[in-house]
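I opened the notebook to record what I looked up in this model, chain by chain. The entries follow the order in which I checked things.

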Amino acid sequence: MRGATHAKWVACAAAVALVATACGGGSDSGGGGGDGGATLSSSWGDPQNPLEPANTNEVQGGKVLSMIFRGLKRYNPETAAAEDWLAEKIDTTDSQNFTITVKDGWTFSNGEKVTAKSFVDAWNYGAGLKNNQKNAYFFEYIDGYTKTHPDDGSAPSAGTLSGLKIVDEMTFTVKLKQKFSSFPDTLGYAAFAPLPQTFFTDHAGWLKKPVGNGPYAIDSYTKGSQMVLKKWDGYPGEDKAQNGGVTLKVYTDNNTAYTDLIAGNLDLVDDVPAAQLKNVENDLGDRYLNTPAGIIQTLAFPFYDPDWNKSGSDKVRTGLSRAIDRDQITKTIFQDTRTPATDWTSPVLGEEGGFKEGFCGDACDYDPEEAKKLIEEGGGLPGGQVKITYNADTGSHKQWVDAVCNSINNALDNEKACVGNPVGTFADFRSQIGDQKMTGPFRAGWQMDYPLIQNFLQPLYYTNASSNDGKWSNEDFDSLVDKANAETDIAEAVKTFQQAEEVVRDNMAAIPLWYQNGSAGYAERLSDVRLNPFSVPVYEEIKVG
Amino acid sequence: MGRYVIRRLLQMIPVFIGATLLIFLMVNVMGDPIAGLCGDRQCDPATAAQLEKEFGLDKPVWQQYLTYMGNVFTGDFGTAFNGQPVTELMATAFPVTIRLTLVAIFFEIVIGITLGVVTGLRRGRPVDTSVLLLTLVVISVPTFVTGLLLQLLLGVEWGWIKPSVSTDATFGELIVPGLVLASVSLAYVTRLTRTSIAENKRSDYVRTAVAKGLPHRRVVTRHLLRNSLIPVVTFIGTDIGALMGGAIVTERIFNIHGVGYQLYQGILRQNTQTVVGFVTVLVLVFLVANLLVDLLYAVLDPRIRYA
Amino acid sequence: MPEPTPEPEPRLPDAHVPGPARTPQEGAIADTGAGGTMDLATAEGESLEKTPGGPLGTGPAEKPRSLWSDAWRDLRRNPVFIVSGLIILFLVFISLWPGAITWMSPLKCDLAKAQEGSQPGHPFGFDGQGCDVYTRTVYGARTSVSVGVCATLGVALLGSVLGGLAGFFGGAGDSVLSRITDIFFAIPVVLGGLVLLSVVTSNTIWPVIGFMVLLGWPQISRIARGSVITAKQNDYVQAARALGASNSRILLRHIAPNAVAPVIVVATIALGTYISLEATLSYLGVGLKPPRVSWGIDISAASPYIRNAPHALLWPSGALAVTVLAFIMLGDAVRDALDPKLR
């Protein structure tokens with residue numbers, strides 16, 4: 001359930017890497033120090049869905065995929081830049097037709113060679129409606145998707161994507177339904193991972209013990225309690241595991257995992273509960289990580305509710321935004337593991353990627369006087385009170401929602417201006433959103449799938465996009481996004497996306513709250529621990545002893 | 001005796017059907033389980049419809065229930081959303097929880113009855129009053145507070161135990177969680193034994209035994225205790241079902257992957273199959289435990305006969 | 001039913017169990033979470049039933065006094081009763097006028113002061129949101145006590161009416177009711193709360209109370225049924241029937257007064273357990289919702305901060321413990337007063 005809080009997990013190929021270079025990686029189990037054979041234990045949550053790459057959309061399952069799979073691209077664990085990994089090269093002339101050449105010399109841990117077919121079969125599987133893959137929409141840009149995955153749920157008229165063609169053993173072509181210049185950069189996402197033939201021939205067996213092509217291979221998997229991963233000695237990549245393996249232990253509660261860490265029974269906790277953040281210095285000293293991650297928390301609004309979609313509503317939203325003391329909340333509740341947000345993307349994108357500090361301007365600055373004025377000008381709070389809806393089955397949401405409400409109440413001098421509205425379970429929360437039952441702002445979290453500004457804007461604010469939960473719709477925004485996607489020049493595309501972001505800002509389509517960092521604590525016997533921009537530990541770099 | 005058991009077994013059928021139906025409806029009114037499967041995104045409608053069909057959620061509730069019960073009688077408890085058969089989940093969860101329950105019941109019997117006898121024999125004395133206050137405090141502090149406190153003190157501050165239970169969940173590891181789980185019932189067993197002992201102490205057979213010159217110890221254990229145990233046994237028997245399913249909070253705090261945790265996960269993910277499956281088994285355990293307790297009466301008290 | 005002394009002669013004839021007198025399936029005691037004390041209540045209430053002929057049969061030498069005046073005379077001299085009574089009166093007082101002993105609003109929170117300890121004007125310190133713990137503890141009494149009282153009233157009314165009717169008329173209705181109570185006993189309380197309350201969106205205390213009534217009534221129903229069956233056998237009931245009294249008259253005038261004692265006793269004990277059940281529900285995120293102030297909400301909000309700000313947990317838990325204690329002590333005293341055997 002921890003994983004479910006963040007939207008999706010993402011990441012995958014992510015991990016890895018840089019390090020290899022940094023610590024003189026090269027080949028062979030990392031240099032001298034440490035015991036290359038020692039294993040470590042790490043906290044985990046029970047994955048919600050079967051561990052298929054195109055079916056895993058939360059962070060816990062994603063953690064495993066990032067260890068056992070490598071895709072065409074890999075996101076640099078430091079800079080989040082998409083780097084060719086299994087891809088020899090990805091060529092295009094028109095941003096619509098791509099020719100992908102797979103590197104020679106890669107195999108799955110069962111010895112099978114990774115070829116163009118490994119990718120094409122995997123993608124066809126992911127896009128097939130009958131396979132119930134929850135990340136199927138990642139393939140929607142590929143030509144023929146509407147045939148393998150009809151929107152109306154009718155029987156698919158094709159079994160494979162017509163846009164995918166195998167040219168020779170190591171080469172295949174992709175035809176998209178529209179221009180999408182940053183398509184290659186999305187290929188580091190786990191859903192695009194290659195799959196071995198056993199996945200198709202012995203599916204049940206594969207699910208019991210998934211086989212991939214990453215630096216680790218699964219040794220044993222006891223659903224609901226733990227997974228033992230061993231270093232795969234035959235791994236051909238640069239980012240070989242620097243430890244003997246990782247044991248992922250399922251914890252019923254992340255507070256228990258943390259308690260176990262400080263009692264010395266666990267080596268790594270990658271999600272320190274908010275309530276314990278105040279203790280980390282005392283408990284762990286410098287064995288604590290607080291790394292920016294591609295996650296932004298916002299408050300979304302129900303634009304299908306006329307009360308929130310009338311003239312003046314934008315002033316009310318801006319007023320609310322100005323009534324939230326982000327600095328105080330991130331400092332007190334989150335102990336600086338969140339950074340007050342000043343735009344709608346994430347700092348991990350970097351300036352070049354489209355992140356712009358202070359983009360939000362005054363609208364994100366705490367100013368009770370202005371807040372009061374704006375809300376009055378906008379016609380007051382609908383119904384005299386805002387209810388912030390969130391799911392209560394994870395610890396920290398209640399804490400920050402209560403803090404946000406207290407901040408709003410204090411700013412507006414009205415003790416009942418804002419109240420939190422917990423929903424018992426995440427599933428129920430999602431189904432209420434899906435049924436458009438929200439009557440006020442609600443928690444919205446976005447964890448990037450891949451480090452592109454497009455990923456922070458399009459899925460969230462484009463008309464009827466998959467995560468546009470508030471059903472915000474703006475023609476200017478839509479056309480700017482379309483334009484940016486068709487742009488072949490990356491810098492130009494980013495600039496156009498920023499123009500689209502301006503539309504979001506001027507309408508205050510959602511209130512940006514803060515950027516979330518990944519936090520982790522680890523035992524003394526570990527070194528070289530760090531988190532990638534997807535807040536997943538870079539396991540293969542960790543040295544034990 | 002035989003006829004009585006058969007009668008009781010037959011009576012279980014309507015109770016069993018009613019309880020499962022109730023749980024089935026309860027989980028169903030919680031809303032759309034598919035909505036929670038796609039993270040902070042809306043599942044695309046085609047996949048959602050496909051999943052609903054696969055889990056049989058597109059049918060009317062009564063039909064779902066009939067199908068489900070039909071499958072249960074053939075031993076098929078369905079599949080959890082992560083693709084794991086519910087029977088497999090049960091096979092891993094129940095042994096752990098049974099161990100936890102045994103530990104809890106052990107504490108209930110040993111500590112509860114001892115304290116109960118001591119206080120019952122010394123009704124109104126300081127010992128009685130202090131045990132009374134202690135049990136009342138235990139009753140009034142919520143389990144999660146006791147659990148968190150013990151975990152922090154024993155596990156971290158003093159380092160006496162491991163703060164969490166490993167996947168093996170051996171008896172040794174379950175001592176503290178078992179104590180926390182038993183705490184409320186423990187207080188109850190104490191009070192129950194106390195009341196019972198206090199009343200029987202004045203009965204004729206005890207007076208006779210004392211008059212015969214039997215040693216005090218023998219009077220207490222053979223005459224007084226045996227006759228006072230019936231209500232205690234009743235309680236412990238019926239507590240079994242409750243301890244097994246009610247350990248949600250304790251299991252979560254101590255990282256025990258048992259029935260309570262699986263139930264909690266199932267509820268959070270609105271996984272009908274898991275929840276109904278586990279509760280079905282719990283209902284069975286509860287009913288059987290009840291029956292066993294009733295049969296135990298005859299053992300403890302020869303005056304009771306089952307026709 | 002847990003009955004402290006097994007008695008050979010049939011006392012609670014149960015249509016389903018011909019042999020032994022002791023309705024064995026009465027022993028079904030559900031529990032979980034709050035259940036422990038509920039069951040305790042059940043058992044202790046039960047032991048009252050064992051006075052054949054009821055309390056009226058005692059003290060033949062003295063001039064007959066009513067059960068109530070007898071009990072009241074006892075209670076007035078019982079220090080336990082006086083102390084617990086005073087505590088409860090105080091709770092009622094601060095529930096009605098919390099402003100009398102506080103000087104702030106419970107909703108006024110300053111995040112900058114989060115988790116700070118005791119300081120002038122804020123004797124109990126601040127909680128994780130920077131709210132004043134003292135003020136919130138005082139204001140929380142209203143919700144917590146009203147949840148306890150309303151849930152108890154609901155359970156007692158519903159349970160004794162259904163149980164009483166079933167016990168009085170017996171037959172098929174009785175069998176059905178007994179099986180229904182079995183079903184409710186089989187559902188773990190915590191599970192029921194998670195499932196049922198997570199559906200509710202209302203922000204009042206009524207869903208929580210309704211839930212407690214829904215899962216609590218079978219307990220009282222069993223007790224009421226048992227004691228009505230016992231009372232039904234008494235000579236004075238037979239006499240009234242022979243004189244041609246109607247069913248409703250017998251039930252209301254003759255049986256009810258003599259069967260109500262165990263219900264009252266159980267209810268006072270149960271009241272305390274409902275208050276702590278509310279805390280457990282809040283901990284699971286399905287209990288009462290803000291801006292309502294209750295001990296349960298505060299305890300569950302403070303429990304993660306147990307290491308840094310134990311005071312935020314200590315005070316509302318302490319208040320809860322004292323309240324539960326007061327009600328249990330009250331129930332204990334009333335039980336002793338009503339039970340002539342323990343005199």
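**Chain B, overall**

In what order do the elements of chain B run from the N terminus on? I read them off as α-α-α-α-α-α-α-α-α-α-α-α. I note here that the model is predicted. The tally for chain B is 12 helices and 0 strands. I then looked up the extent of chain B: along its principal axes the C-alpha trace spans about 85 × 55 × 30 Å.

**Chain B, domains**

I took the domain assignment next; for chain B it gives domain 1 as 2-72 and domain 2 as 89-300. Taken over C-alpha atoms, the centres of domain 1 and domain 2 of chain B are separated by 32 Å. I looked up the contact between them and found 16 residues of domain 1 of chain B against 12 residues of domain 2 of chain B.

Which helices of chain B each supply at least two residues of the side of domain 1 that touches domain 2? I find α1 (2-29) and α3 (61-73) of chain B. Of the elements on that side of domain 1 of chain B, α1(B) gives the most, with 10 residues. By class, I get 11 nonpolar, 4 polar and 1 charged for the side of domain 1 of chain B that touches domain 2 of chain B.

**Chain B, record**

I checked the UniProt record for chain B. Its unreviewed entry lists "transmembrane region" at residues 12-31, 98-119, 131-154, 174-193, 232-254 and 274-300 of chain B. I looked at two of these spans in the model. Residues 98-119 of chain B are 100% helix and 0% strand, with end C-alpha atoms 30 Å apart. Residues 274-300 of chain B are also 100% helix and 0% strand, and there the end C-alpha atoms are 38 Å apart.

**Chain B against chain A**

How many residues of chain B are in contact with chain A? I have 47 residues of chain B, in contact with 50 residues of chain A. On the side of chain B that touches chain A, at least two residues each come from α2 (45-54), α4 (86-121), α6 (143-157), α10 (248-253) and α11 (259-268) of chain B. I note α2(B) as the one that gives the most to this side, with 7 residues. The side of chain B that touches chain A divides into 19 nonpolar, 19 polar and 9 charged residues.

**Chain A, domains**

For chain A the domain assignment gives domain 1 (8-67 + 214-267 + 523-544), domain 2 (73-204) and domain 3 (293-517). I looked up the contact of domain 1 with domain 2 of chain A: it takes 26 residues from domain 1 of chain A and 24 residues from domain 2 of chain A. On the domain 1 side of this contact, α2 (18-22) and α3 (59-68) of chain A each supply at least two residues. That side of domain 1 of chain A has 18 nonpolar, 6 polar and 2 charged residues.

**Chain A, one helix pair**

At what angle do the axes of α11 and α14 of chain A cross? I have helix α11 (residues 313-322) of chain A and helix α14 (residues 368-377) of chain A crossing at roughly 165°, with axes that come within 7 Å. The angle therefore makes α11(A) roughly antiparallel to α14(A). I logged the crossing of α11(A) and α14(A) as left-handed. From α11(A) the contact uses Lys315(A), Val316(A), Thr318(A), Gly319(A) and Arg322(A). From α14(A) it uses Glu370(A), Ala371(A), Leu374(A), Ile375(A) and Glu377(A). I sorted the residues of the contact of α11(A) with α14(A) into 4 nonpolar, 2 polar and 4 charged.

**Chain C, one helix pair**

I then turned to helix α3 (residues 79-96) and helix α4 (residues 133-169) of chain C, whose axes come within 8 Å and cross at roughly 110°. So α3(C) is roughly perpendicular to α4(C). Which residues of α3(C) meet α4(C)? I find Leu91(C), Ile94(C) and Ser95(C) in α3(C), and they meet Val138(C), Ala141(C), Arg142(C), Val145(C) and Ser146(C) in α4(C). The contact of α3(C) with α4(C) has 5 nonpolar, 2 polar and 1 charged residues.

**Chain C, record**

Last, I checked the UniProt record for chain C. In its unreviewed entry, "transmembrane region" covers residues 80-101, 145-168, 180-199, 259-277 and 313-334 of chain C. In the model, residues 80-101 of chain C are 77% helix and 0% strand, with end C-alpha atoms 26 Å apart. Residues 313-334 of chain C are 100% helix and 0% strand, and their end C-alpha atoms are 32 Å apart.

Key. Residues are numbered from 1 along each chain as its sequence is written. Chains are lettered from A and ligands numbered from 1 in the order in which they are written. This is a predicted model: local features need pLDDT of at least 70, side-chain atom pairs count only at pLDDT 80 or more; totals for chains, interfaces and linings use all residues. Axes are lines fitted to C-alpha atoms, for helices over the stretch in contact, and angles run from 0 to 180 degrees between N-to-C directions. Helices (H or I, at least four residues) and strands (E, at least two) are DSSP runs, numbered from the N terminus. Angles under 35 degrees count as roughly parallel, over 145 as roughly antiparallel, 65 to 115 as roughly perpendicular and the rest as oblique. A crossing is left-handed if the near helix is turned anticlockwise from the far one by less than a right angle, and right-handed if clockwise. Two residues are in contact if their C-beta atoms, placed from the backbone, lie within 7 Å. Ala, Val, Leu, Ile, Met, Phe, Trp, Tyr, Cys and Pro count as nonpolar, Asp, Glu, Lys and Arg as charged, and the others, Gly among them, as polar. Domain bounds come from an automatic or database domain assignment. UniProt positions are given in the numbering used here, feature names are shortened, and annotations may be inferred rather than shown by experiment.
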